[in-house]
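Subject: Structure handover

Hello,

Here is the structure I promised to pass on. Please open it first; my notes follow below.

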Amino acid sequence: MTIFVIARLTFREAARRKILLAALLMGLIYLVIYAIGFYFVNQDIANSQFTTGLLELNQIRNFLFMAGMYVVNFLTVAMAVLTSVDTLSGEIASGTVHTLVSKPLQRWEIVVGKWLGFVGMLSLYLLLMAGGTILLVYLISGYTAPNVLRGLSLLWLNAILLLGVSLAGGAVLSTLANGVLVFGMFGIAFVGGWIEQIGSFLQNQTAVNVGIISSLLIPSEALWKRAAFEMQSPLVSALGFSPFTAASMPSLVMVIYGLIYASLALLLAIRLFNKRDL
Amino acid sequence: MANSISTQALRKEFGDKTAVADLSLDVERGEVFGFLGPNGAGKTTAVKMLLGLISPTSGRGEVLGSPLGDHRSREKVGFLPEHFRFHDWLTAEEFLRLHGNLYKIPSPILTPRIGELLELVGLENHREKKLRAFSKGMLQRIGLAQALLNEPDLVFLDEPTSGLDPVGRRLVRDIIRDLREGGTTVFLNSHMLSEVEITCDRVAFIRQGEVLTTNSLQSLVEGELTVEIRAQNVNPAVLEGLAQWGENIRADGDHLSLTLSSEADMPVMTRYLVENGVDVYAIRPKQLSLEDLFIQVVGTEGGL
């Protein structure tokens, strides 16, 4: 299958260009720092006279766990965008695309092949980073957060969604313009998410609406919030405001919207690449 | 048998610029077809349309019996792009394997084929070398090997000798000759007229995206030719007598020139001169070269 030839090429290119190596190295450093930090904080709170109950301890552990997942989410998203941002535009600009497209294959096979290659890479990366975090937390403190699988699926969807946007942009824009576009959208989602959060806390409906609109524009922050909601302990959310608790939790409709968004982004990428003169 | 390439009134506009105005071409199976024109005449755009890299604004065409843009039309097509930019982090062998896979060539056929082609283009000792370390000429060679992976029925070569030294150019010429002998159609996009002159059966001249004329190169050889003569003791009567073979007779001291309608008239005319007491020092036929023809057809404005 031609799709898998392209997928493999994409994967190998990331490996050869040492992108994977850099990402894994940074990921490893994160895990080491996280482990050290978690170990000492965990020791501290376990020996403290103020935190005695297991429930209380686990809330703090959950908070630390969420901090880790926040970083994992960010790293995975950055990886999704940075690796894919030039995959179409770069090949078009350099002319390497000519020998590919003049082969007896259809253009959608190139887009889907690349998409698959990146999906494989991102899945592996997310699994290593998130899996590493979960394992470390468990090994050090014996704590496991609830609904981890559901949370990870949402982080995965978030990465795939941004990957789709980056491919679609890359089919028509230059690498630089595409990077500005995708990170710009990510920024909008980020700010919108916080406005919604604060608006909800202060019960300001306008701020909440701004947040919702930005989430419709690009639902990546909403997906993170939903993932955070799934993985936080029920008590933490009952306690109220923390940076990782969602005061207004994105609904399931938003998750479905995210799924549709990610699919449409891929379809758009195929369509745009199909029409492009190379 | 149907033509390899057949197009009717292909047109491509980029914004308000017309790259190809009206391209109607018929390339027969098995011929080596030269596509000539000044820079910016729309040669590369035309080739890209034939390969489905660019969709035409209007017009239609067929390549190997399939409509333009249909991926099946590219199954038996090879293409060496003009700037031969490839994935340079691959080694020569990996590069050929990748493109062989894209041609869907099964591995038991592909592996020996890669070896053959590396040898054909003289890169068998650079099999494991990354393309990043290749010189321009080596890249062109590996690009050529890539275009022949699927034993194509039709090969597009876009300026195949631009990066090559004389040895490489001869190699390309030999490969084109072998392809022709094997019945492969070659579409050669070039402005290296001497190359085209040696290798092509027919040439099309294009300017501003329009085919001006299509010539068989045989007719160039068989057509009329100008002869330059250096001789003494030419009297006016002899000069007048020359009119039976040619026209445009000019005499300037020892130098005569006239245009013969056929090469076959040369010995007869020579005998006539000698028999009439003319001292002949030199007779030089000046064939119309492709370059002359190019200037004649396309004009001297050149490309911009």
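In this predicted model, start with where helix α6(A) meets helix α7(A). From α6(A), the contact takes in Val111(A), Lys114(A), Trp115(A), Phe118(A), Val119(A), Leu122(A), Ser123(A), Leu126(A), Ala130(A) and Ile134(A). Facing them in α7(A) are Val148(A), Leu152(A), Leu155(A), Trp156(A), Ala159(A), Ile160(A), Leu163(A) and Leu167(A). By type, this contact has 16 nonpolar residues, one polar and one charged.

Now the geometry. Two packed helices are described by the angle between their axes and the distance between the axes. Helix α6 of chain A covers residues 107-141, and helix α7 of chain A covers residues 148-172. Their axes come within 10 Å. They cross at roughly 145°. The crossing of α6(A) with α7(A) is right-handed.

Next, the two chains together. On the chain B side, 21 residues are in contact with 20 residues of chain A. Helix α2(B) gives the largest share of that chain B side, with four residues. The chain B side splits into 10 nonpolar, seven polar and four charged residues.

Last, confidence. The model scores ipTM 0.84 and pTM 0.85. Chain B has a mean pLDDT of 86, and 95% of its residues reach 70 or more. Which element of chain B has the lowest mean pLDDT, and which the highest? Helix α7 of chain B (residues 217-222) is the lowest, at 65. Helix α2 of chain B (residues 92-102) is the highest, at 95.

Best wishes

Terms used: Residues numbered from 1 in each chain as written. Chains lettered and ligands numbered in written order. Predicted model: local features only at pLDDT ≥ 70, side-chain atom pairs only at ≥ 80, totals over all residues. Axes fitted to C-alpha atoms, helices over the stretch in contact; angles between N-to-C directions. Helix = DSSP H or I, 4+ residues; strand = E, 2+ residues; numbered from the N terminus. Left-handed = near helix turned anticlockwise from the far one by under 90°. Contact = placed C-beta atoms within 7 Å. Nonpolar A, V, L, I, M, F, W, Y, C, P; charged D, E, K, R; others polar. pLDDT = per-residue confidence, 0-100.
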